[in-house]
Structure formats: C-alpha cells, structure tokens
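This report describes selected local features of one protein model. It takes helix packing, strands, individual residues and backbone geometry in turn.

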Amino acid sequence: MSVTTRSEADVGYVEIDNPPVNAIGQSVRQGLLDAVRWAEKEKLTRVILSGKGRAFAAGADAREFDLPPQEPHLPDVMNAIDESFVPWIAAIDGVALGGGAEIAMACRMRIMSPRSQIGMPEVTLGVIPGAGGTQRLPRLVGLEKALEMISLGKPLGAKAALAAKLVHAVEEDPLEEAYMVNTEELGCIVPTWELPAPQPDAAVIDTARKTAARKTPNQIAPQRAIDVVEAGLSVPFHEALKAERATFLELRKGDQARALRHIFFAERGAKAPESITAEPVALDHVAVVGGGTMGAGIAYALLNAGMRVTLLETDEDGVARATANVEKVIAASLKRKLIDEAGAEDRRERLAAATDYAQASDAMLAIEAAFESMEVKKDVFTKLDAALPKGAILATNTSYLDINEIAATVPDPSRVVGLHFFAPAHIMKLLEIVRGDRTGDVALATGFALAKKLRKVPVLARVCDGFIGNRILARYREAADTVFMDGSTPWEVDAAMEEFGYAMGPYEAQDLSGLDIAHANRRRQDATRDPNRRYIPIADRMVELGKLGKKTGAGWYRYPGGGGKVEDPIVADLAIEESHLAKRDRTDYSAEEIRERLVLAMINEAADILDEGIAQTARDIDLVTVFGYGFPRWRGGLMHHADTIGAKAIVARLEELRKEDPVAWKISPLLERCAASGQPIAEAGPAT
Ligand code: 3H9
C-alpha cells in the first residue's frame with residue numbers, strides 16, 4: 001500500500017506509506033492522484049496529508065531515474081492537488097525533501113513539527129526540482145531565499161522554514177493542528193500556483209550564480225536551476241513548468257546526475273557483507289591509544305557518538321597533551337556552534353586519560369593511534385592484550401604498517417583489525433576496515449557497527465602497503481612528481497587537478513599534511529622497492545632542505561608569515577637541476593596531459609587493487625576516493641569515472657605511456673580483460 005485514504009466526517013486523511021522514507025515512486029504518484037479525485041468526489045472540506053514513519057516524503061524515487069518516465073508524472077499530481085477545489089494541508093513530521101517538499105508546496109497550507117526538515121536537495125543528485133519547485137518556492141519565500149535553497153540544496157529546519165514563511169505553523173502534532181485549522185481561514189488561502197511570481201532582480205540572481213559557482217564549482221545543475229527560476233519569473237506558471245520539466249529530464253540522464261546518483265546509493269549501500277553474521281562487541285567504552293592529532297580526533301568522534309573514551313598515553317606529559325588536543329577539538333566545535341556548553345561538558349565527563357592501561361580494563365574495543373613504528377605498535381598491542389577483557393577487539397589505525405605482523409603479537413590474532421581513520425577523524429567520513437589474514441568476523445562486525453555509530457562510510461580492505469586509499473595516493477604522487485621532474489611546476493600540476501575537480505592539487509595537499517610523513521614511508525620502502533622502478537628524488541631534496549610544508553613555512557610553496565601559498569621559483573629550479581643531473585629532456589605538458597597522466601595512474605593502480613582482492617568492488621574504490629581523498633563527487637568516484645572513459649580507451653592510452661616507462665605504466669590485467677570483453681570496470685573483479 002503506497003498511499004492510504006480515510007475520512008472522518010468531511011475531513012480526508014491521506015497518508016503516504018512507502019517505507020523506509022516514503023520516496024515518491026509511480027505507485028505513490030498514482031495513489032496521490034486517486035486521492036485528489038476521491039476527495040473531490042466525496043466533497044470533503046479538507047484533506048490532511050502526512051507521511052507514515054520517519055519521513056513526510058524523501059522526494060522522487062531516484063531509483064526510477066534510470067528508467068523512462070512513467071505516468072502519472074509528478075508535476076501533474078502537484079497541479080491536481082494545487083488546483084483542486086478541496087484544499088489540502090501538509091502535516092509534515094519528518095523530512096519533506098525534493099518532490100516531498102514540492103507536494104507540500106502544492107498544498108494550500110503547511111504545518112510542520114519542530115523535528116522536521118524541508119528543502120530542495122535535487123542539485124545534490126545532479127538535477128533540478130522537476131515538479132514545480134522552481135516556480136512554487138519563489139512564490140512562497142521570495143526570489144532570494146528560493147534561489148539559495150534550490151541552488152545550494154540545503155534543507156531548512158522548522159524554525160527557519162517558519163521564518164521564511166515556507167510553512168504556516170510549527171506544532172508538536174501537525175496532524176492535530178491541521179484538523180483544528182479554521183475552515184474559513186483555509187478557504188481564504190490562495191492556491192500557490194495563483195500567487196504572483198516575484199519581480200526579477202538581476203543583482204540577486206547574479207549573487208546566487210556566484211555563490212553557487214564558488215560552492216559547487218564545475219557542477220551544472222545549480223546554474224541550470226537558477227536559469228529556470230529566472231526564466232520563470234516572466235512567463236505564465238504552466239509555461240514555466242514545461243521549461244522546468246524539460247531541464248529536469250535532460251539533466252537526469254546526464255553524466256553528472258548519473259555520477260551523483262551512483263555515489264548516493266553507494267554510500268547508502270556501504271554495509272557489512274552479508275557473510276559477516278557475527279555480533280559486534282559492546283561499544284559503550286572505547287580505549288584510544290595515543291592522543292596526538294589523530295588519536296584526539298578519533299576520541300572526539302567517539303565522544304560525539306555518545307561513547308565513553310579512555311585515552312592511553314605513555315607518560316603524564318602525554319596525558320596532558322592528549323587531553324589538551326581533545327579540548328582543542330571541543331573548543332573548535334563550540335566556536336562553530338556544532339555543540340553548546342552543556343554538550344561540551346557532557347563530552348568532557350565521558351573522557352578519561354591515563355598512563356595505566358588498567359583504566360580501560362572494561363573496554364571491549366581499543367583503537368591504537370600511536371606513532372607509526374612497528375616496535376611501538378607491538379608494545380602497545382602486548383599491553384592492550386594484557387589489560388583488556390579477553391574478547392575485546394584490538395584495532396590499529398596504522399596507515400601503512402603490516403597488520404598481520406601487528407596481529408602476530410597477541411595470542412588470538414582474530415581479535416585484531418585495522419580501523420583506518422582519515423584526518424580530521426571527527427569530520428572525514430571514510431573508515432577503511434582492514435582485514436588481516438586472521439581477522440575474525442567479530443572484529444569485522446565491530447568495525448562496521450562502529451562506522452554506523454559514527455555515521456561514517458565503511459569500506460572493507462585487505463592488507464597491502466597503503467591499503468586502498470593510500471596505495472592509490474602513492475601512485476598519484478609518483479605520477480605528479482614524474483610530470484614535475486620532466487617538465488611542469490607543482491603549481492601547474494595543482495591547477496590542472498583543481499580544474500579536474502579536486503579542491504586542491506597534490507602539492508598543496510602535501511604541504512598541509514607535511515612532507516615528512518611520505519618521506520618516512522619512502523625510507524621504510526627502500527628495502528623492498530623494485531630496483532627497476534624509476535625513483536624521483538625531488539621530494540627527498542625538499543626534506544633535506546627542511547621544506548616540510550606549511551608547518552615549516554615552506555614546502556612545495558612558500559607561506560610567508562604563515563599566510564596563503566606563494567609559488568617558489570627555487571622549487572621549480574630543483575626539478576630542472578635534477579632532470580639535468582639525470583640527463584632527461586624536459587617536456588612542456590599541457591594541463592590536459594597532466595590530468596590524463598595523474599588520473600590514468602590512479603585508475604591503473606586501483607584496477608590492480610581490485611584485481612588482487614584488496615578492495616572488494618569498484619564501488620568501494622569510488623567511496624574511498626570520494627570520501628577520503630577529495631575525488632570530485634560529481635564524477636562518481638575513480639572507477640565510475642574510469643567507465644566514462646572506457647577500459648578500451650584507457651588501455652590504448654596506457655600502451656602509449658608504457659613505451660616511456662614499462663615499469664611505472666605496467667598495465668593492470670583487470671583493465672586489459674575489461675577492454676577485451678567490454679565488461680564495465682564497475683562490474684569487474686579478480687580473475688577467477
Ligand atoms: C526529486 O525529488 C526530484 C523532484 O524534484 C522531481 C521529480 C519529477 N529515492 O539515507 P538513508 C533510500 S530528487 C530512492 O540510509 P537516513 C536509501 O537508498 C530527490 N531511495 O536514511 C536507503 O535505502 P536502503 C530529492 C531513497 O534516515 C533508504 O532510503 N531527495 C531516496 O539516514 C534509507 O535512506 C533527496 O535528495 C530517494 N529519493 O536519511 C533526498 N532517499 O535502505 C535523498 C532515500 O535500501 N535522501 N532512499 O539502503 C536523503 O537525503 C536521505 O535518504 C534521508 C533519510 C534524509 C531522506
């Protein structure tokens with residue numbers, strides 16, 4: 001049952017009932033249209049519309065967007081509600097998003113509960129409101145507010161919706177209030193479509209365009225939404241609806257909308273594999289070892305999710321530093337008004353810091369975020385094993401070290417798992433859950449349960465150097481350094497990747513994280529590096545010169561006075577010097593060539609990662625690249641993007657690059673298989 005109807009005397013109740021979030025699919029549309037006719041036939045004096053469960057309606061069913069549109073179309077349903085002689089009242093308890101908000105706007109009146117949200121997030125799916133939202137919203141809230149809501153996609157809470165006059169009232173029980181509305185008052189409300197459109201205002205439109213361009217660079221939908229709102233101001237309502245519908249249908253089948261839908265559903269589908277049926281351990285008390293930036297961020301994320309946290313450090317100075325580090329995150333959250341004083345105090349009360357591991361003796365999960373040294377980790381795991389309950393899960397946040405070697409320290413290695421957070425750990429959504437050779441299902445189930453509590457996107461990985469994300473990153477940086485050494489500057493590389501859609505290029509990003517981390521990794525890899533692989537020495541030279549990034553005032557860029565980045569000609573000269581020493585000719589790469597090399601290098605590495613079973617699916621690689629490494633979401637993640645190029649074209653270009661360097665550009669067998677068979681990379685897996 002998608003829509004249910006009942007009447008009490010002359011009042012009709014229509015309820016959308018399409019769990020879990022009342023997405024508006026074909027059967028809901030049909031149900032609503034039938035309800036309009038039913039209410040008219042029954043000569044009801046009002047219809048009160050609500051949603052069953054936790055949502056009013058989450059919008060059009062995005063799963064239908066890959067199919068041809070099916071009647072009745074949503075705009076026609078809205079028009080039927082708006083134009084009916086029976087006035088409808090939307091009683092909103094839960095989210096009213098996209099098409100859900102559009103239904104509410106087609107109603108004569110809107111009453112929402114304080115816990116509800118209303119908004120037009122269509123642009124986040126790469127489309128525009130397609131059922132009258134671009135025309136009804138400006139009529140209700142004015143041009144400026146409507147443009148902001150539609151082009152940025154951010155929903156309003158009840159208070160803001162009332163202030164914007166989008167809803168008539170905010171009440172605890174919207175259904176009851178809707179019943180109480182005076183019939184005469186209801187009869188005086190003008191149907192939304194009959195309201196006059198706001199006056200065009202070039203300055204307001206220009207500001208909206210600039211804001212959208214800044215906040216969502218490269219994205220088509222926000223600008224197209226503004227076009228449609230603007231055009232609608234000077235034509236009749238129904239004519240404007242036609243233009244809106246045409247734009248919606250055009251965008252819906254475009255690359256950006258496909259990519260954004262892919263990521264939307266991939267994020268929702270990021271769950272424990274069905275084969276893992278074990279119960280997770282209790283997560284009310286978690287020990288975090290190491291209170292540096294990463295450990296403090298992890299501790300804060302756990303506190304945010306309501307857990308008790310014991311931070312373990314080596315000495316009293318460490319305890320003080322760790323507590324101060326968490327306090328810094330609390331202060332920043334207070335400043336950003338993410339929490340209030342009471343919330344800060346509550347978090348402080350649930351935090352303890354100690355040197356004695358016995359303080360965590362009832363914690364069923366420990367997350368080690370200590371210094372990246374195998375010796376340190378082994379010592380920590382031995383201590384955790386002795387202090388925590390026998391069934392406790394022992395996790396390491398290592399970025400690179402061999403989890404199997406760490407696990408071998410404890411008598412029961414099935415309890416050891418990698419939980420790889422990304423800095424800042426309380427903000428970044430990705431959590432790589434790394435399965436060692438002997439990791440058990442309870443440890444994995446615990447990792448996924450933790451991700452859910454922290455509202456993070458979990459991705460299962462197997463052990464290799466860098467797991468999924470950092471292994472791709474290492475190849476990306478190697479390709480960047482090669483391009484730099486052979487002809488470009490760091491700023492040319494950064495600009496090319498920013499144009500591709502990254503918020504910042506690889507060099508600026510490295511300046512922020514510090515060049516010393518990658519340097520330590522290279523030294524660790526010295527013993528096992530393929531001697532035939534070309535080694536680019538530029539980053540080592542930078543470290544020798546003390547240019548470690550923003551924290552030292554200079555890295556690939558200079559940061560005079562700790563301020564913004566400035567190009568540094570000395571760094572550009574380094575590459576000229578090194579390539580002269582290596583007797584290499586330099587090439588003037590175009591931005592397009594730079595982008596192609598860096599992106600193909602990542603795709604090729606990711607294909608190997610998939611082929612080796614380090615990642616389970618191409619979709620997981622998309623999640624890792626988007627949620628952990630800033631890959632543009634509107635490109636759908638690395639492997640989704642690879643499919644838009646096509647395996648055949650990728651392999652053809654890699655064959656060219658292989659002539660330059662057969663080791664670095666060794667083509668992944670998985671790509672070769674996809675190119676030969678025509679199988680999309682999205683569906684590819686290890687050779688069987
Ligand atoms: C639109 O409306 C266009 C119109 O203007 C014009 C049309 C002509 N469709 O997120 P959750 C599924 S465009 C299909 O885990 P939460 C989701 O996949 C739409 N399915 O829960 C998941 O499935 P599963 C504009 C949807 O409580 C389940 O519901 N609307 C849709 O954390 C639970 O989702 C939006 O952009 C959908 N629209 O968050 C809103 N929405 O259980 C998009 C959800 O199989 N949705 N599902 O994994 C959201 O923002 C969040 O899902 C919401 C609930 C806040 C509603």
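## Crossing of H3 and H4

Helices H3 and H4 cross in the left-handed sense, a crossing being left-handed if the near helix is turned anticlockwise from the far one by less than a right angle, and right-handed if clockwise. H3 covers residues 99-106 and H4 residues 133-141; their axes lie 10 Å apart at an angle of about 55 degrees. Axes are lines fitted to C-alpha atoms, for helices over the stretch in contact, and angles run from 0 to 180 degrees between N-to-C directions. This makes H3 oblique to H4; angles under 35 degrees count as roughly parallel, over 145 as roughly antiparallel, 65 to 115 as roughly perpendicular and the rest as oblique.

On the H3 side the contact involves Glu102, Met105 and Ala106, and on the H4 side Gly133, Arg136, Leu137 and Leu140; contact means heavy atoms within 4.5 Å. By class, these residues are four nonpolar, one polar and two charged. Here Ala, Val, Leu, Ile, Met, Phe, Trp, Tyr, Cys and Pro count as nonpolar, Asp, Glu, Lys and Arg as charged, and the others, Gly among them, as polar.

## Basis of the model

The model is predicted: local features need pLDDT of at least 70, side-chain atom pairs count only at pLDDT 80 or more, and totals for chains, interfaces and linings use all residues. Residues are numbered from 1 along each chain as its sequence is written, and side-chain values use heavy atoms, with hydrogens and water left out.

Helices (H or I, at least four residues) and strands (E, at least two) are DSSP runs, numbered from the N terminus.

## Packing of H25 and H27

H25 packs against helix H27 (residues 638-645) at an angle of about 110 degrees, with 10 Å between the axes. H25 is therefore roughly perpendicular to H27. The crossing of the pair is left-handed. From H25, Val599, Met602, Ile603, Ala606, Ala607 and Leu610 take part, and from H27, Leu638, Met639, His641, Ala642 and Ile645. The contact between H25 and H27 consists of ten nonpolar residues, one polar and no charged.

Met602 sits in helix H25, which spans residues 591-611. Its relative accessibility is 3%, so Met602 counts as buried; buried means under 20% relative accessible area, exposed over 50%, and partly exposed in between, with a 1.4 Å probe and protein chains only. Not counting residues up to four places away in sequence, Met602 touches Ile472, Tyr476, Tyr502 and Leu638. Met602 and Leu638 are 36 residues apart along the chain, and their C-alpha atoms are separated by 7.8 Å.

Thr625 belongs to helix H26 (residues 618-629). Thr625 is also buried, at a relative accessible area of 4%. Beyond its neighbours within four places in sequence, the contacts of Thr625 are Ile472, Gly630, Phe631, Gly637 and Leu638.

## Strands

An open sheet is formed by six strands in the order E1-E2-E3-E5-E7-E10, with mixed pairing; two strands pair if DSSP finds at least two bridges between them. E1 (3-8) and E10 (169-170) are the edge strands, each with a single partner strand, so one side of each has no neighbour in the sheet. E1 and E2 run antiparallel and are joined by six bridges.

Strand E11 (residues 285-289) has five of its five residues buried, so the rest of the structure largely encloses E11. On one side are His285, Ala287 and Val289, on the other Val286 and Val288, and both faces are covered. E11 pairs in the parallel sense with strand E12 (residues 308-312) over five bridges, and Ala287 stands opposite Thr310 in E12.

## Backbone geometry

Most residues other than glycine have a negative phi, and most peptide bonds are trans. Two cases in this model concern the peptide bond. Pro19 and Pro20 are joined by a cis peptide bond with omega of about 5 degrees, and Pro20 is in the loop between strand E2 (11-16) and helix H1 (26-41). Glu71 and Pro72 are likewise joined by a cis peptide bond, with omega about -10 degrees; Pro72 lies in the loop between strand E4 (55-57) and helix H2 (74-83).

Asn22, not a glycine, has a positive phi of about 55 degrees. Asn22 is in the loop between E2 and H1 and is buried, with a relative accessible area of 1%. Arg455 has a positive phi near 60 degrees and lies in the loop between helix H18 (441-454) and strand E18 (457-462). Arg455 is exposed, with a relative accessible area of 70%.
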